[in-house]
Amino acid sequence: MHRAILHSDMNAFYASVEQAERPELRGVPLVVGGREETRHGIVLAKSARAKEAGVKTGEALWEARAKCPGLVTVPPRYDVYRRYSELARRIYCQYTDLVEPFGLDECWLDLTGSLPLSGGDALRVATEISGRVKAELGCTVSIGVSWNKVFAKFGSDLRKPDAVTAITPENYRRLVWDAPVGDLLYVGPATRAKLHSSGIDRIGELACASPELLRRRLGKVGLVLRAFARGEDSTPVSPSDAVRGGGGRPIKSIGNGLTCPHDIDRPEDAKALVYLLAESVAQRLREARLRAFTVAVGVRDARDLASYGRQTTLPRATSATGLIARTAWGLLAASEPLDGSHPLRGLHVRASNLEPSDAPQQLDLGFDARQRALDGLDEAIDGLRRRFGNACVRRGVELLDESLIDVDVKRDNTVHPVGWFG
Ligand SMILES: [Mg+2]
């Protein structure tokens, strides 16, 4: 039996929420980013009109203004975006209990079981959901409808904003196979480059490629991607599967990185960044109910853009923010002079060598009391954040760099759980 899977994507999410909240912003080219008065900051999100003018996420606000006269800038309000995300999920949950978030503004829904109750027509339900989000939240969504998650996601990307697109067994060769192979979920830049060098440029070519060639070039992942390109994706939609990679496999590491809005050449700034990144890595570990033995820090040098990394393995696994942050900072401080002669452009913190958080740990007197206290503190902070949003609690060290206060790392740099797919 074919499944009925929806993928719903809120269009230009941050900017749309601002326009829904503030009618005077509707129809104007808008970016969410730093503060207008300070002249500093980067574009975090843009409205459709700003996008048409060529404004790009991550560029400096002054560059965006040069491209788009009349551009309006508003500072981000992550607590508001999180509330809209939650409200959209509540609408989805009225149609099925199988709702799997993918970032803040995207969800998969499996309607297979509930469809008979709602008339048996997935396209009609998708259209109804789209209408409700628009009427109740004032935001548009694009929805893909298909028999598997990968094609449903493709459908929601194919036509936007405000569209419902069905990818069916009859039309997928026409709609999906002509598209560049990089448009397929889980094909990241590294994988795409390997496929290109094997002469595979389109999704249809991946679908029809020889399994031996793909195995040789990409290993098992190549075979999984080939199956996805053929619509042979039976990955379940599961609220608890957000912590797993494609194919339901367990994730191998959780990392978070940031290309800095400006060069970092002061130890205080580097430390603030390390703590900001470690915070989100630790939070995601705890959401996934995992602990890590290995902590790594990666650096991108501002002068030659060379990257290097350092890692260490702890005597016991942890998901405590403070321990991960101190470990990562220790690694960085030991290998980098940070005296102004070595400015950084990018930083990365990664936790790997994971175990489930309910795995038994050897008792280690002395260490244990401190660890338990740290775990308790982190759980309290997670609870506050669930209720009031990520910005409500910040470690003091993060406040050292003004420009970082506007960056919600967990959202902006969430690497969807596909990193190890390449
Ligand atoms: Mg979106």
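Leaving aside neighbours within four places in sequence, E106 is in contact with H7, S8 and D9, where contact takes two C-beta atoms, placed from the backbone, lying within 7 Å. This comes from a predicted model, in which local features need pLDDT of at least 70, side-chain atom pairs count only at pLDDT 80 or more, and totals for chains, interfaces and linings use all residues. Residues are numbered from 1 along each chain as its sequence is written.

E106 also turns up in a record: an unreviewed UniProt entry lists E106 under "active site". UniProt positions follow the numbering used here, feature names are shortened, and annotations may be inferred rather than shown by experiment. E106 counts as buried because it has 21 C-beta neighbours inside 10 Å. The cut-offs work like this: a residue is buried with 20 or more other C-beta atoms within 10 Å of its own, exposed with 12 or fewer, and partly exposed in between, with C-beta atoms placed from the backbone. As for its place in the fold, E106 lies in strand β6, residues 106-110. Helices (H or I, at least four residues) and strands (E, at least two) are DSSP runs, numbered from the N terminus.

Stepping back to the chain as a whole, there are 15 helices and twelve strands. Of the 422 residues in the chain, 41% are buried. Taking contacts between residues at least 6 apart in sequence, 63% join residues at least 24 apart.

Strand β6 belongs to an open sheet of five strands, in the order β5-β6-β1-β7-β8 and with mixed pairing; strands pair if DSSP finds at least two bridges between them. β5 and β8 (163-166) stand at the edges with a single partner strand each, so one side of each has no neighbour in the sheet. From one strand to the next, the twist averages 15°. For angles like this, axes are lines fitted to C-alpha atoms (for helices, over the stretch in contact), and values run from 0 to 180 degrees between N-to-C directions. β5 and β6 pair in the antiparallel sense over three bridges, and E100 stands opposite W108 in β6. Lying across β1 (5-10), β7 (141-146) and β8 is helix α5 (residues 122-137), which runs at about 165° to β7.

The loop between β5 (99-101) and β6 holds L104. L104 is buried, with 22 other C-beta atoms within 10 Å. L104 and R89 are 15 residues apart in sequence, and their C-alpha atoms are 9.8 Å apart in space.

A second open sheet has three strands in the order β3-β2-β4, again with mixed pairing. Its edge strands are β3 (43-46) and β4 (72-74), each pairing on one side only. Direction ignored, neighbouring strands here are turned by 30° against each other on average. Strand β2 (residues 30-33) pairs with β4 in the parallel sense over three bridges, and V32 has V74 as its bridge partner in β4. Helix α1 (residues 13-21) lies across β2, β3 and β4, at about 110° to β2.

Helix α4 (residues 78-92) makes a handy check on helix geometry. Which residues of α4 are buried? They are Y78, Y81, R82, Y84, S85, A88 and Y92. Seen down the axis of α4, these buried residues fall within an arc of 160°, so they line one face of the helix. The arc is that of the directions from the helix axis to the C-beta atoms. An α-helix has 3.6 residues a turn, so residues three or four places apart point the same way. On the other side of α4, E86 and R90 are exposed.

Helix α11 (residues 220-229) is mostly covered, with seven of its ten residues buried. Those buried are V221, G222, V224, L225, R226, F228 and A229, and they pack against α6 (149-158), α9 (203-208) and α10 (211-218). After α11 comes G231, with a positive phi near 80°.

Finally, V181 sits in the loop between α7 (172-175) and α8 (189-197). V181 is buried, with 21 other C-beta atoms within 10 Å. Not counting residues up to four places away in sequence, V181 touches V187, R192, L195, I200, D201, R202, I203 and L206. The C-alpha atoms of V181 and G204 are separated by 8.0 Å, although these residues are 23 apart along the chain.
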